[in-house]
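This briefing summarises the computed features of one protein model for use in computational work. Please read the points below alongside the sequence and the coordinates.

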Amino acid sequence: MATSVPVPFADIGKSSNDLLGKDFPVGQTKLELKTVAPNGVTFNVLGNQDNKSGAINGELKTKYVDFKNGLTVTEAWTTGNLLTTQIELENKVAKGLKLDIVGGFLPSEGKKNAKVGVHYKQLGFNSRAYVDLFKGPTFTGDVVVGREGFLLGGDIAYDVAGAAVTRFGAAAGYTAPEYSVALHAHNSFKVFSASYYHRINADLEAGGKAVWDSAKAAPAGEKGAKAPVALEVGAKLYVDRDAFVKAKVNNTGVLGLGYTQALRKGVKVSIAGLFDTTKLDQAAHKLGLSFVFEA
């Protein structure tokens, strides 16, 4: 029988995605500062500089959580002058139900957006639904059911004004304490992927992902050509309790290497690079650096 709430649709296959995608801050220098005020308000300052263009972007985010009333208020302001506010109310109207309102405003262009969402989760069931009030309006929703480690889910996007389904997808997976596998059909069943993640032991993790895009398939009648399959594998090794290294490689010959070190409590630095092993040109390689401070 179902013993837990399944993950949201977007998190099916998350373990392998995190292994292959996180801790590789390539092409930029990134600085993140997180602090918590005495009244419980969390401040998050994020800045990054593009190594190629030198452009600097940043974001200031504040988050207030009222655990007693299930209320969370998040506000953000970017260097592009985009203002966003998110209000969440969880387990107040009904157990497992969360109401979510997100609004954004770009004064320089007069653009605005607003989304209203509903999340509902129970044992063996997790669903989400959003309505974008200014775009369409557009309805997006997804649902996941789970039982004994098995997951099955789907998502859909519907243009209310145009009365048309604009996107749909499906996913299936299995999660065990030491490993997980996932299958996805994205972009209205035009892109298919399979991924796996394996915690081999306490110090070593491995994973991989294969993606086939039917839109890039060979034209009908063309002989000898095959649709390209993008394949990537990677691993993570803990050197000690405060440091780990990551490595990944794909079928085009791009090698990714990363090293993350906790300098002390609340201070972490990551160094990473992507190297095209098929080219000698230094411009084909990308390096990056990330600093994270938490207080």
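A residue is called buried when its relative accessible area is under 20%, exposed when that area is over 50%, and partly exposed in between. His184 has a relative accessible area of 12% and is therefore buried. The model is predicted. The protein comprises one helix and 19 strands, and 28% of its 295 residues count as buried.

**Overall architecture**

- The C-alpha trace of the protein extends over about 55 × 55 × 50 Å along its principal axes.
- Among contacts in the protein with a separation of 6 or more, 29% are made by residues 24 or more positions apart.

**His184 and its surroundings**

- His184 belongs to strand E12, which covers residues 179-186.
- A polar atom of the His184 side chain lies 3.3 Å from the backbone oxygen of Ile12.
- Leaving aside residues up to four places away in sequence, His184 touches Ile12, Ala170, Ala171, Val191, Phe192 and Ser193.

**The largest nonpolar core**

- In soluble globular proteins, nonpolar side chains tend to be buried together.
- Six residues form the largest nonpolar core here: Phe9, Ile12, Val144, Leu151, Ala171 and Ala182.
- Ile12 and Ala171, both members of this core, are also among the residues that His184 touches.
- Val144, another core member, has contacts beyond four places in sequence that include Phe9, Ile12 and Leu151.
- Further contacts of Val144 include Pro6, Val7, Pro8, Gly124, Phe125 and Asn126.

**Backbone features in loops**

- Most residues other than glycine have a negative phi, and most peptide bonds are trans.
- The peptide bond between Gly136 and Pro137 is cis, with omega about 0°.
- Pro137 is located in the loop between strand E8 (125-132) and strand E9 (138-147).
- Asn187 has a positive phi, near 50°, and is placed in the loop between E12 and strand E13 (191-199).
- Ser188 lies in the loop between E12 and E13, and its phi is also positive, near 60°.
- Asn187 is partly exposed because its relative accessible area is 43%, whereas Ser188, at 18%, counts as buried.

**The largest pocket**

- The volume of the largest pocket is about 430 Å³.
- Its lining consists of 28 residues, of which Val7, Gly149, Leu151, Tyr174 and Thr175 are the closest to the centre.
- Leu151 is also a member of the largest nonpolar core.
- At least two lining residues come from each of helix H1 (14-21), E9, strand E10 (150-159), strand E11 (164-175), E12 and E13.
- By class, this lining contains 14 nonpolar, nine polar and five charged residues.

**The second largest pocket**

- The second largest pocket holds about 330 Å³ of space.
- Of the 17 residues that line the second largest pocket, Asp23, Lys268, Ser270, Ser290 and Val292 lie nearest its centre.
- Two or more residues of this lining are supplied by each of strand E1 (28-36), strand E18 (267-276) and strand E19 (286-294).
- E1 provides the largest share of the lining, four residues.
- The lining of the second largest pocket has eight charged, five polar and four nonpolar residues.

Key. Residues numbered from 1 in each chain as written. Predicted model: local features only at pLDDT ≥ 70, side-chain atom pairs only at ≥ 80, totals over all residues. Heavy atoms only, no water. Buried < 20%, exposed > 50% of the residue type's maximum accessible area, 1.4 Å probe, protein only. Polar contact = N/O pair within 3.5 Å; in protein donor to acceptor, adjacent residues only side chain to side chain. Contact = heavy atoms within 4.5 Å. Core = buried A, V, L, I, M, F, W, Y, C linked by side-chain atoms within 4.5 Å. 1 Å grid on protein atoms, 1.4 Å probe; cavity = no way out; pocket = protein on both sides within 12 Å on 5 of 7 lines; lining within 4 Å. Points joined across faces, edges and corners; volume = space filled by probe spheres on them. Nonpolar A, V, L, I, M, F, W, Y, C, P; charged D, E, K, R; others polar.
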